[in-house]
Amino acid sequence: METVKIKKFALIVLTACLLLSLTACGGENSPIKKGDKYRDFTAALTDGGTFRLSDHKGKVILLNFWATWCGPCVGEMPAFSRLVEAYGDKLALVAVNCGEDEAAVSAFLAKNGYTFPVALDPEGEIGQLYPSDGIPYTVIIAPDGTVSDIQTGAGDAETMFVHYSGMLDRALQ
């Protein structure tokens with residue numbers, strides 16, 4: 001009987017240690033919050049180039065996580081084209097595709113005429129730096145490199161253009 005109690009206690013201690021190691025240390029897999037410093041990454045773009053987040057410090061950055069199969073993601077995408085046009089050189093926008101292959105993503109972009117930078121994250125490595133409960137997931141990074149706003153979910157393109165414009169304006173102040 002005593003052995004069973006010791007085994008149960010050891011299992012409880014082991015579980016507690018595992019949970020603490022996953023959550024208490026923070027690390028790069030913990031959710032990002034307003035005020036946190038950005039988490040740098042380099043990613044391949046669908047146009048053959050690369051995007052390194054730290055290269056855009058000094059601008060406001062809109063970092064969006066999406067997929068072609070996600071209705072709300074696709075619904076808000078026209079807003080990104082308008083934001084790039086409206087904010088020009090003040091904005092660095094990158095839409096990070098979550099887990100799809102390059103051919104499918106490139107075909108989707110061509111079909112819809114999107115020309116803003118789209119990064120590929122087939123293995124979810126970038127997504128692990130910015131974990132969320134779902135997509136679309138957008139992180140606004142202020143010119144000083146801190147997270148100024150976070151948005152999960154989306155409405156129609158017009159609604160999101162207005163919403164993101166407000167976030168970008170606040171980040172630029």
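## Terms and overall composition

Contact means heavy atoms within 4.5 Å. The model described here is predicted.

The protein chain contains five helices and seven strands. Read from the N terminus, its elements follow the order α-β-β-β-α-β-α-β-α-β-β-α. Of the 173 residues in the protein chain, 39% are buried. Among contacts in the protein chain with a separation of 6 or more, 67% are between residues 24 or more positions apart.

## The sheet

Five strands form an open sheet in the order β5-β4-β3-β6-β7, and the pairing is mixed. The edge positions belong to β5 (118-121) and β7; each has a single partner strand, so one side of each is left without a neighbour in the sheet. From one strand to the next, the twist averages 20°.

The strands β4 and β5 run parallel and are joined by four bridges. Within this pair, valine 96 stands opposite alanine 119 in β5. Antiparallel pairing is found between strand β3 (residues 60-66) and β6, over five bridges. Strand β6 also pairs in the antiparallel sense with strand β7 (residues 147-152), again over five bridges.

How many of the residues of strand β6 are buried? Five of the five residues in this strand (residues 137-141) are buried, so β6 is largely enclosed by the rest of the structure. In a regular strand, side chains alternate between the two faces of the sheet. In β6, Tyr137, Val139 and Ile141 point one way, while Thr138 and Ile140 point the other way, and all are buried.

Tyrosine 137 illustrates the pairing of β6 with its neighbours. Tyrosine 137 is the bridge partner of phenylalanine 65, and it stands opposite threonine 152 in β7. The strands β6 and β7 form a hairpin with five residues between them. In the turn, glycine 145 has a positive phi of about 90°.

## Helices across the sheet

Helix α2 (residues 71-87) lies across β3, β4 and β6, and runs at about 165° to β3. Helix α5 (residues 157-172) lies across β3, β4, β6 and β7, and runs at about 165° to β7.

Valine 162 is located in helix α5. Is this residue buried or exposed? Valine 162 has a relative accessibility of 52% and therefore counts as exposed, the cut-off being over 50%. Valine 162 and alanine 79 are 83 residues apart in sequence, and their C-alpha atoms are 8.6 Å apart in space.

## Salt bridges

The count of salt bridges comes to five. One of them joins lysine 33 and aspartate 36, with the closest N and O atoms 3.9 Å apart. Another joins aspartate 55 and arginine 52, where the closest N and O atoms are 3.1 Å apart. Arginine 52 is partly exposed, with a relative accessible area of 39%.

In the salt bridge between arginine 82 and glutamate 158, the closest N and O atoms are 2.5 Å apart. Arginine 82 lies in helix α2 and glutamate 158 in helix α5, so this pair ties together parts that are 76 residues apart in sequence. Arginine 82 counts as partly exposed at 37% relative accessibility, and glutamate 158 counts as partly exposed at 42%.

## Glutamate 100

Glutamate 100 is found in the loop between β4 (91-98) and α3 (102-112). This residue is buried yet has no salt bridge. The nearest side chain of opposite charge belongs to lysine 111 and is 12 Å away, whereas a salt bridge requires the charged atoms to be within 4 Å.

Which side chain is joined to that of glutamate 100 by a polar contact of 2.4 Å? The partner is threonine 68. Apart from residues up to four places away in sequence, glutamate 100 touches Ala67, Thr68, Trp69, Val105 and Pro122.

Terms used: Residues numbered from 1 in each chain as written. Predicted model: local features only at pLDDT ≥ 70, side-chain atom pairs only at ≥ 80, totals over all residues. Heavy atoms only, no water. Helix = DSSP H or I, 4+ residues; strand = E, 2+ residues; numbered from the N terminus. Buried < 20%, exposed > 50% of the residue type's maximum accessible area, 1.4 Å probe, protein only. Lys, Arg positive; Asp, Glu negative; His and termini not counted. Polar contact = N/O pair within 3.5 Å; in protein donor to acceptor, adjacent residues only side chain to side chain. Pairing = 2+ DSSP bridges. Axes fitted to C-alpha atoms, helices over the stretch in contact; angles between N-to-C directions.
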